[in-house]
Amino acid sequence: MPEGERDGGGAAAVLICVAWPYANSPLHAGQIAGAYLPADIVARYHRMRGHRTLMVSGSDAHGTPVTVRAEQEGTTPEAVFRRFHESFLDTWRRFGISFDLFTSTDTENHVAVSQDIFLRLREGGYLHEAEQTLLYDPVVKRFLPDRYVEGSCPRCGDDGARGDQCDACGSTLDALELVNPRSRLSDATPEPRSSTHFFLRLPAFTERLLAWVEGQEHWRPAVRNFTLGQLRDGLTDRAITRDIEWGVPVPVAGYEKKRIYVWFEAVIGYLSATREWAQSSGDPEAWKAFWTDPSCRTIYFQGKDNVPFHTMIWPAMLMGYGDLNLPYDVPANQYVTISGSKASSSRNWAVWMPDYLDRHDPDPLRYVLTAVMPETSDSDFTWADYVRRVNDELLARWGNLVHRVLTLTRRHFDGRAPGAPDGLAPASRALLERADAAFDEAADHLEAVRLRAALGVPMALAGEANRYLEERAPWAAVREDRAHAAETLSTALNVISAIATLLEPFLPFTSPEAWRMVGHDSDIERAGWRRTDVTPGAPLPEPRPLFRKLDEALVDEEEARLGEGS
C-alpha cells in the first residue's frame, strides 16, 4: 500500500478472500501452506496496521468430491459436508487461522446471491443455452459428473484417471477423452448422451480481461504470464449448469433437476460471505465498503490449480454483473510436497491437520510451512527439516534469546525491567535502529505477499540481538558495571518486544507470550505495527520456554505414519 495508507487509522480497507475447501476430507498441511496460512498472515498484518480488514471463506458443500464420498459411505452429501465443516472450524481454531467469517455454500444467503448473479448475467446476454454431450450411466440411469467417471488417461495411459484430471501426469481432462471409461456408481461403460445446459460466454470478456491483466504488473510473474497466455490463446464458452440434484438450484423453469455448476457458484461465495458477515454484524450495507469502494484491495489466496477461476472466470463474472471490485492480487502458491511426493488422500500421504494438532503445537508448523512456502515454485516438507528448523531456528535463535534475557534480568534487577541511560552506546543505538527499520522492511514484503522474506526479517533481527548480547556479556558486566548491564538488558528487552510484534502474524500463539514476558500488559495486536518499548520498572513474569526441543526420533516416528493404513 502507499506509505500514507500504512499509517493505520482504519482508513484503508482490505478484503482477504480464501479458497473454499471441498468438505469431503480433513485439511492437510499442503492445503494450509497453499492458501490458508498465507491469508492469515496477511490478514493479521493488516489488522495490526489499523486497516479495516475482513477475511472470509467457507466450506464448498456442493463439489462432486462431497457427493462421491457420500455415495461411498452410503449417506447424504449434507451429512458429509456438515461433518467436515465442523472439522475445518476446529482446525482454524487450533491452528490460529483467524477468519472473520467461515461459512458454507449451503446457506440461503449464498443461494440468493448466486441466483442473482446468474440472472443478471443472463439478462445481460452473457449466458446462453446449448446442447452438451455428457456421459450417462445406463444402469443407474443418470448423467455422470466428471469425478464419477474413471478410465485410462489419454496422455500417459494411467488407469486411475478421473473425468476431470489425471493425478499421475497432472493433465486436465474431459471425461469424454478417457480411454475405456467406467462409471464409479455401477462399473458400467457410460454412454455419450446429449443434455441442455447454460453456458457462460467467456469470449465476450477476452479483450477487457486482457487489458486489465496487462496492467497488473504487481502480480506474481507465474500468475500473470499464465493468465495472459490463456487469454491470448482464446477463451471458450463454459457450461455453468450440470445434471445433479445437490447444489444451488437453477432459477429457470425446466431446470428443476439440474443445478448451477459448483465452479460457477463457489467463487460467488466471496461476495455472499461478505454480505452474510455484514448482515450478522448489524450493518447490512457494510459489505459495500469491500466491494464497491475502489480504494479497497481484494486479495485472493489460492493454489496454482485455481488460478484460471480467479484471474479470468470470476473477473469476467464481475465485469458482466457490473459495479463490483475486480481482484487486486491473486498470489497463488505452488504445491508443497510431503517427503518428495504429492499429498494423496487415497494413499494417506499427508500431514493431516487434526492429527498434527492432537500431538504437536501449532506455531512450530506455522513457522516451518512459512519458511518453505511455495511462493515461486513447488517446495518440499520433510520431518527432518521440521525438527531442524524448530531446534536450530525457533528454539536456538528466538526462544533462547527470550529465555536468557528474561532469566538474567529477573535475577539481577529484582524481577523488573531496568531503565536505560540517557545516552546509549553506539551498539545499543544501532540495534534499536535496526529493530525500527525491520518494520518497514517486513511491511514491504508482507504487502507484496513475500512471506518467506518477511519471516526472515525478525529472525535475522533475533540473530543480531544474540550477537549483541555475546559482545556485551551482561552476565559478566553486572558484577562490575551495573549501568552497562542495565543498558544491555533494557535494549535487549525492547528488541525482543519488537521481534514479538514482527512475529505476531506468523506465530500468534507464542508471540503474545513473549510480549507478556517482557512486561507488557497490553494487547500485542492493538499495540500496532511498531516497536513498543518496555516500561522501566515493569514487573517481569517467570519466563517459560516458548518452544520445546524436539528429539531426532520424532523424524522416524512421523515418517512411519505417512501412508500408514493406506
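1. Let's begin with a term: a residue counts as buried when its relative accessible area is under 20%, exposed when that figure is over 50%, and partly exposed in between. Please also keep in mind that this is a predicted model. With that cut-off in hand, look at helix α11, residues 362-371. Its buried residues are Pro-362, Asp-363, Pro-364, Leu-365, Arg-366, Tyr-367, Val-368, Leu-369, Thr-370 and Ala-371. That is ten of the ten residues in α11, so the helix is largely enclosed by the rest of the structure.

2. Next, the nonpolar cores. The largest of them has 113 residues, and Ile-16, Phe-381, Tyr-386 and Trp-398 are those with the most contacts inside it. Apart from it lies another core, of 59 residues, which includes Leu-15, Phe-118, Val-248 and Met-319. As background, nonpolar side chains in soluble globular proteins tend to be buried together.

3. Trp-398 deserves a look of its own. Which residues does Trp-398 touch, leaving aside those up to four places away in sequence? The list runs Glu-393, Met-459, Ala-462, Ile-496, Ile-499, Ala-500, Leu-503, Ala-514, Leu-546 and Phe-547.

4. The structure holds one cavity of 30 Å³ or more, and about 70 Å³ of space lies in the largest cavity. Around that cavity stand His-360, Asp-361, Pro-364, Tyr-386, Val-390, Phe-547, Arg-548 and Leu-550. Sorted by class, the lining has five nonpolar, one polar and two charged residues. Some of these names have come up above: Pro-364 is one of the buried residues of α11, Tyr-386 is among the residues with the most contacts inside the largest core, and Phe-547 is touched by Trp-398.

5. The second largest pocket holds about 290 Å³ of space. Its lining is made of 14 residues, and Arg-142, Asp-243, Ile-244, Glu-245 and Trp-246 lie nearest its centre. The elements that give two or more residues to this lining are α2 (64-73) and β5 (142-143), and the largest share, three residues, comes from α2. By class, the lining of this pocket divides into six nonpolar, two polar and six charged residues.

6. The loop between β4 (127-137) and β5 contains Val-140 as well as Lys-141. Is Val-140 buried or partly exposed? Val-140 has 34% relative accessibility, so it counts as partly exposed. Lys-141 has a relative accessible area of 59% and is therefore exposed. Val-140 touches Leu-185 and Ser-186, not counting residues up to four places away in sequence. Val-140 and Leu-185 are 45 residues apart in sequence, yet their C-alpha atoms are 7.5 Å apart in space.

7. Two backbone angles are worth checking on your screen. Phi of Lys-141 is near 55 degrees, a positive value in a residue other than glycine. Ser-339 also has a positive phi, of about 50 degrees, although it is not a glycine. For context, most residues other than glycine have a negative phi. Ser-339 sits in the loop between β14 (336-338) and α10 (353-359), where its relative accessible area of 27% makes it partly exposed.

8. Strand β6 (residues 149-152) is joined to β7 by two bridges and to β8 by three bridges. On the β7 side, Glu-150 stands opposite Arg-162, and Gly-151 has Ala-161 as its bridge partner. On the β8 side, Ser-152 is partnered by Val-179.

9. A last point concerns a parallel pair. Strand β2 (residues 52-59) pairs with β3 in the parallel sense over four bridges, and Ser-57 has Phe-102 in β3 as its bridge partner. How do the side chains of β3 (residues 101-104) point? Leu-101 and Thr-103 point one way, Phe-102 and Ser-104 point the other way, and all are buried. In a regular strand, side chains alternate between the two faces of the sheet.

Notes:
Residues numbered from 1 in each chain as written. Predicted model: local features only at pLDDT ≥ 70, side-chain atom pairs only at ≥ 80, totals over all residues. Heavy atoms only, no water. Core = buried A, V, L, I, M, F, W, Y, C linked by side-chain atoms within 4.5 Å. Buried < 20%, exposed > 50% of the residue type's maximum accessible area, 1.4 Å probe, protein only. Contact = heavy atoms within 4.5 Å. 1 Å grid on protein atoms, 1.4 Å probe; cavity = no way out; pocket = protein on both sides within 12 Å on 5 of 7 lines; lining within 4 Å. Points joined across faces, edges and corners; volume = space filled by probe spheres on them. Nonpolar A, V, L, I, M, F, W, Y, C, P; charged D, E, K, R; others polar. Pairing = 2+ DSSP bridges.
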